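Look at the sequence and the model together. The paragraphs below go through the charged side chains and then turn to one helix.

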Amino acid sequence: MAKISTQSRKDLFIHIGIVVSLILVFFLGFFFIYLPFTTNHGEAITVPDLRKKNLSELEDFLDSRDLRFEVDSTYVPNMPPLTVIQQYPKPGAKVKEGRKIYVTVVSLTAPLIKMPKLTDMTHRSAQMQLKSLGLEEGTISYVPDMAQNAVLRQMYKGVEILPGQPIAKGSKIDLELGEGLGSAQFELPSVVGMPLDEAKIQIVGAGLKVGQVMQVAAEEGQIPGSVVKQNPESGNKVRIGDVIDLWVIPAGAEPTAPNEDNTQP
């Protein structure tokens, strides 16, 4: 082993200075060159924006950037299936190589849910219920009914769908609502003298409702089973949904004979 000559004090200090300088260079090189290079080697990757990319693109796209990924799925209406809608870490974040990126994609099929009961709800309440369950409002139609803006029927693809039936999330539900009494007025037609069944058809056909049907004794010339009075009377102004009460002669009833005390000689 080579020995360092220290024949003089000056040589000793020179050698000590060389050793200290080498130690200092090694120390500075380790902490300011080697250590930053090794620790920052995996922190220089910027997370790319993966949103709106298809799942089929991710593997090659992230492999080229030394990143991995893990997939979760959820259903989103009106979005292409297998499209990335969320990611973590977010775009622009700095990560080490090999970091796993968690992505959420749109599922291929919509999950099934139970159809809610919307009938008898107000239109606004039905809209909120549909939205909370991930269903969409379809076509709105109105029919004469006193319950204005109340849901009378719920339909899917033209067929009434009952509460509890399975339906795909995102489906459009058509609603039939009550129109209320309406604002337009028209003259009430006369149904006096008509058979009861025919009178009911005429009333309903005019957008009105049959109210109470009361029986009265038959008088001479009146036909059993026919309407002898209505309220409101014909010619009065009514609106769609108004109620019409009827007085009828019972079927099989016989007319009352005239009072003999009132006969003229």
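A salt bridge is counted when a side-chain nitrogen of Lys or Arg lies within 4 Å of a carboxyl oxygen of Asp or Glu. The model is predicted, so local features need pLDDT of at least 70 and side-chain atom pairs count only at pLDDT 80 or more, while totals for chains, interfaces and linings use all residues. Residues are numbered from 1 along each chain as its sequence is written, and side-chain values use heavy atoms, with hydrogens and water left out.

How many salt bridges does a search of the whole structure find? The search gives 5. Arg 153, Glu 160 and Glu 176 are linked in a network of such bridges. Between Arg 153 and Glu 160, the closest N and O atoms are 3.8 Å apart. The side chains of Arg 153 and Glu 176 meet at 3.3 Å, N to O. This second pair links distant parts of the chain, with Glu 176 in strand β11 (residues 172–178) and Arg 153 in strand β8 (residues 151–156), 23 residues apart. Strands (E, at least two residues) and helices (H or I, at least four) are DSSP runs, numbered from the N terminus.

Are these residues buried or exposed? Buried means under 20% relative accessible area, exposed means over 50%, and partly exposed lies in between (1.4 Å probe, protein chains only). Glu 176 is buried because its relative accessible area is 13%. Arg 153 has 33% and so is partly exposed, and Glu 160, at 38%, is partly exposed as well.

Another salt bridge joins the side chains of Lys 117 and Asp 120, at 3.6 Å from N to O. Lys 117 counts as partly exposed because its relative accessibility is 45%, whereas Asp 120, at 66%, counts as exposed.

Next comes a helix. In α3 (residues 123–132), His 123, Ala 126 and Leu 130 are buried. They cover an arc of only 60° around the axis, and therefore lie on the same side of α3. The arc is that of the directions from the helix axis to the C-beta atoms. An α-helix has 3.6 residues a turn, so residues three or four places apart point the same way. Which exposed residues does the face of α3 turned away from its buried side carry? That face carries Arg 124, Met 128, Lys 131 and Ser 132.
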